[in-house]
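Work through the exercises below with the sequence and the coordinates open. Each task is followed by a solution in steps.

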Amino acid sequence: MKKTILTGIRPTGRIHLGHYFGATKNWVELQNDYNSFFEIADVQALTDNFDNPTKVRENVREIAIDLLSIGINPEKSTIFIQSMIPEIAELTVYYSNLVTMSRLYRNPTIKTEIAQKKAIFGNNGESVTYGFVGYPVSQAADITAFKGELIPVGEDQLPLIEQCREIVRKFNSIYGETLKEPEAYLSKTTRIKGLDGNEKMGKSLGNAIYLRDNEEVITKKIMGAVTDPNKIKKDDPAEPSKCMVYYYHNLINSKEKDLICEECKKGLRGCVQCKKELIKNMLDFLSPIQEKAKYYEEHLDEVDNILIKGTKKAQEIAKETMKDVKKAIKIDYYN
Ligand code: TRP
């Protein structure tokens, strides 16, 4: 029997190279070896976008299109919409009794995120919402509702998986062995730097290349990418390790990447030429994904049907879990 993996993505924007190399590319490989569930976490996205439901709504389908375009195969994997599984919300309520406030506030992921979101939650986090602080509980419900065993996440999410494990252990010790304790699956992925050289590529940082960016946008972004600041003239020797253009040549494995590195170091390569080559290579790299995306953009019914079918399947499993949980908590009335 294949093990179950479950992971989620917040629908707050389309997928960029940071998500792709940092997470979703790996999901495409995992789906061959595992019973795979990919959740479009709209409820979780609302925890810090509660005042912008349109953004969340619009991006559910965009994320689905991106996932299908990179090769998530709906015949092998289940893609579903979180809010359409009310059992997740229901489980969250019961799990919330098993978590203390201080434990939630101590969660390193939550701490960091509250600090990063000053605009929403105030300078000292004084306006943080109950829903946001509680999202690890809801995420524990995401995982356990589908009996997730391995949870592919980035390192930043490890404290959430740990918290989920604690909830499961507490639940089982009080109510009897009911839930499956998941494990984090740390994959061999890399954190991708932004066009500006920032350690992280992120939507809010404005330094991202999206899988569906068109030629014009990609050209503009790459032409503005950070290069070695010590290189002034076209034939100055430079240090590729300080150059984002080289970084992306290397990332997408441009055929000439070793030559590029050598030429750059020797001052035999101007930045403009190098950027133009990267633009071409980037477009070639993205073209199979963009072709598939174009197909799905023109066949939105197909996308919707995949989501409907996936969500139905997810609902069935969540219902089973809910039944077990209610029985364990002795709230299984009249059935
Ligand atoms: N919190 C995850 C992120 O921001 C997304 C997510 C939602 C998730 N539900 C999940 C990850 C369940 C793993 C399991 O990236």
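**Exercise 1.** State which helices the buried residues of helix 12 pack against, and list those buried residues.

Solution. 
Step 1. The buried residues of helix 12 pack against helix 1 (17–30), helix 13 (257–266) and helix 14 (271–298). Contact means heavy atoms within 4.5 Å. Helices (H or I, at least four residues) and strands (E, at least two) are DSSP runs, numbered from the N terminus.
Step 2. The model is predicted: local features need pLDDT of at least 70, side-chain atom pairs count only at pLDDT 80 or more, and totals for chains, interfaces and linings use all residues. Residues are numbered from 1 along each chain as its sequence is written, and side-chain values use heavy atoms, with hydrogens and water left out.
Step 3. The buried set in helix 12 is M244, V245, Y246, Y248, H249 and L251. Buried means under 20% relative accessible area, exposed over 50%, and partly exposed in between (1.4 Å probe, protein chains only).
Step 4. Helix 12 is thus a mostly covered element, with six of its eight residues buried. N253, with a positive phi near 60°, follows this helix.

**Exercise 2.** Locate A238 and C271, and give their separation in sequence and in space.

Solution. 
Step 1. A238 sits in the loop between helix 11 (215–223) and helix 12 (244–251). Its relative accessible area is 11%, so A238 is buried.
Step 2. With neighbours within four places in sequence left aside, A238 is in contact with D228, K231, C264 and K265.
Step 3. C271 belongs to helix 14 and is partly exposed, at a relative accessible area of 25%. Under the same exclusion of neighbours within four places in sequence, C271 is in contact with T227 and K231.
Step 4. For the pair A238 and D196, the C-alpha separation is 17 Å and the sequence separation 42 residues.

**Exercise 3.** Which residues of helix 4 are buried, and why do they line one face of the helix?

Solution. 
Step 1. In helix 4 (residues 86–95) the buried residues are E87, I88, L91, T92 and Y95.
Step 2. Viewed down the axis of helix 4, these buried residues fall within an arc of 145°, so they line one face of the helix. The arc is that of the directions from the helix axis to the C-beta atoms.
Step 3. The face turned away from the buried side of helix 4 carries the exposed residues P86 and A89.
Step 4. The cover over the buried residues of helix 4 includes strand 2 (35–40), helix 9 (135–145), helix 10 (158–175) and helix 15 (300–328).

**Exercise 4.** Describe the shell around the ligand: how many residues surround the ligand, and which are the closest?

Solution. 
Step 1. The ligand is surrounded by 13 residues, and the closest are E39, Q44, Q139, D142 and Q157. A residue is near a molecule if one of its heavy atoms lies within 4 Å of it.
Step 2. Sort the shell by class: five residues are nonpolar, five polar and three charged. Ala, Val, Leu, Ile, Met, Phe, Trp, Tyr, Cys and Pro count as nonpolar, Asp, Glu, Lys and Arg as charged, and the others, Gly among them, as polar.
Step 3. Strand 1 (4–9), helix 9 and strand 4 (150–153) each supply at least two residues of this shell.
Step 4. Look at the polar contacts (pairs of N or O atoms within 3.5 Å; within protein, one must be able to donate a hydrogen and the other to accept it, and residues adjacent in sequence count only if both atoms are side-chain atoms). A polar side-chain atom of Q44 is 2.7 Å from a nitrogen atom of the ligand. For Q139, a polar side-chain atom lies 2.8 Å from a ligand nitrogen atom. An N or O atom in the side chain of D142 is 2.8 Å from a nitrogen atom of the ligand.
Step 5. On its own the ligand has 370 Å² of accessible area, and the protein covers 87% of this. Accessible areas come from the Shrake-Rupley method with a 1.4 Å probe; for residues, only the protein chains shown count as cover.
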